[in-house]
Amino acid sequence: MKKQLPLILTVLVLLWLGAGLRPPRVPEGINTKGFGQLPVLLNGRTQPMDSVARNSLLVLRGKQTVPVEGGKTLQAIDWFLEVVFKPDQADTRQVFRIDHPDLRGMLKLSPEEKFFSFTQFQTNIMDLGREAERIDTEKVKSESQNPFEKAVMRLHQNVILYRRIKNTLKHESTLDFAAELKTYQAAVEPGVKAVRDREAGKEFDQKAFDTIVDHLQRYDQMARFGYALVVPSGSPNHTRDDWMNVGTSLMEAARGGKVLEPVLSYAEMASAYHAGEPARFNSSLSKYQQWLLDHQYQPEVAKGGNEHYFNHFEPFYKSSAIYVLAFILACASWFNQSEPFRRSALYLLILTALVHTSGLIYRMVLEGRPPVTNLYSSAVFIGWGICILGITIEFFYRNAIGSVVASMGGFTTLIVAHNLSLGGDTMEMMRAVLDTNFWLATHVVVVTLGYSASFLAGFLAMLYVLRGVLTTSLTEQMATALSRMVYGIICFATLFSLVGTVLGGIWADQSWGRFWGWDPKENGALMIVIWNAVYLHARWGKICTEKSLMAIALFGNVITAFSWFGVNMLGIGLHSYGFMDAAFKWLLIFDISQLIFIGMALLPLSYWRSFSKRPPAAGAGTAAKPATVS
């Protein structure tokens, strides 16, 4: 049984992954799958309704599900349907996360809870608006705001987002949208005539005038506040610029046009959902899906379906779960020298690498871009690079060290990626200066692989210190192996960081007209190259002991983290895309943890349990003599 453990675990995980690979079934009742696949235009790109729902809920709540009565949960698309078609019911869902106690006090909310519904603080919404207006009037920059002011602005922006979603497919106060549109269509011609007669000073039909003005005021509000562009024009040579929101489309109908078929379909779906008529909803949905195909929107429909499936499979979430299992097995193999546990961890890591790689490739196909386009994708790619390098180490040394650092690095970076996704759409439109696939595929990929290798070397050094100080398992053979691993990985990191930095300079010369401008990001990239070179020269020249070399590798984590994230905290430079206060806190915690490990690495050998009962050996490639440590 023990010998068959790797095969059994691999098969079980494969079955779990296979279950997730199956496309989601069409549910009974409302066809939420079909609705979630409908294409819309948001953030400069075509995406399915499902992505709009998931990203919006992540921004508001930090999760993709909403708890409801009876211990059940609403999926993101179910919540989104409630918001756009039954806003009164959606207002009772606890989707707003409010952490700051002073803000909860200002809104007269329970101090013990963190999640609240719109209804719970709606009566005090004016207080929130006044406080946000004060902060805006005083022009307090985000990096200068205190925690309370940041919490106020975050909640204020989330309330605006929520109100915009409510007015995306119909006005939030409308109950029967289909009936309203019939009234509007009948009122357009006499209403427009009444408006023109009034402007010309002639007698006009007051009732027709009042009717059309009432409708246009509501639709103008939708045009200004609608969140996504959900209405394609249907023109033969349509482009991305032809998409409109529902309000704009209805305003156009009053200027001599007509109510477009997509708007009529959404109106039927809205009325059917509100009335609890699934058959009518599904019929309207099918009619609109066919309209899209009849008007040559096949690429948009296919994009919506493919991204919906990607959201359903969640490859990076599944990868993070397997990383945890592989880490536990790899660590367990050290306690009883269990070879089956070690092989189980390796097999699971190989399987995870395949899932992680498939997720990266799928995102590349969806975006039409290389794997790294923003901070989120860089975190995903760095985790992938650490995983691949860790598996390579494990194939050479077969001592579970590669598996431990690969699973630890992969899981950590995917957690970072998850927290970055809380900011919204992770496949947003590229900034103009970055909109070149050639340099994204060369400079960005190469320098990010340098990040991966630098972090992996730091994780290996961390493992060296932990085993040396806290256990007696760092034998001379193990210390030598870890030292060689760190050395080999830093050689790889130096090469890729240097080449990536040079390629970045060439790109900068093409984009900004200068090869090097001492921008913070450029300085960060150079610091990685220099610090890796410091390690290599210290090792080649036998300047430092092995423990000191590990301290150098550990400080490489601090420098790499600064280059990757820290420059964004500065708020200056051509590479700074916004101050992230939440990331700043975690970056500070990470840096402090690395300084602690560095302090442990520089402790005298008498504090190292692994060296206390054996004579030390001299040389940079082995454990150092106590006399050389000061």
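Helices are DSSP runs of H or I with at least four residues, numbered from the N terminus. The model is predicted, with local features requiring pLDDT of at least 70 and side-chain atom pairs pLDDT 80 or more, while totals for chains, interfaces and linings use all residues. Residues are numbered from 1 along each chain as its sequence is written, and side-chain values use heavy atoms, without hydrogens and water.

**View 1. The largest cavity and the helices around it.** A cavity is a set of points on a 1 Å grid over the protein atoms alone where a 1.4 Å probe fits but cannot get out. The whole structure holds 2 cavities of 30 Å³ or more, and the largest has a volume of about 50 Å³, a volume being the space filled by probe spheres set on the points. α20 (437–470), α22 (520–540) and α23 (546–570) each give at least two residues to its lining.

**View 2. Residues lining the largest cavity.** Lining residues have an atom within 4 Å of a point; among them are Ser-454, Ile-490, Trp-531, Asn-532 and Tyr-535. The lining has 6 nonpolar, 4 polar and no charged residues. Ala, Val, Leu, Ile, Met, Phe, Trp, Tyr, Cys and Pro count as nonpolar, Asp, Glu, Lys and Arg as charged, and the others, including Gly, as polar.

**View 3. Contact between α18 and α21.** Leu-389, Ile-393 and Tyr-397 in α18 meet Ala-481, Arg-484, Met-485, Ile-489 and Phe-492 in α21, contact meaning heavy atoms within 4.5 Å. By class, this contact has 7 nonpolar, no polar and 1 charged residues.

Note on methods:
On a 1 Å grid over the protein atoms alone, a cavity is a set of points where a 1.4 Å probe fits but cannot get out, and a pocket is an open set with protein on both sides within 12 Å along at least five of seven lines; lining residues have an atom within 4 Å of a point.
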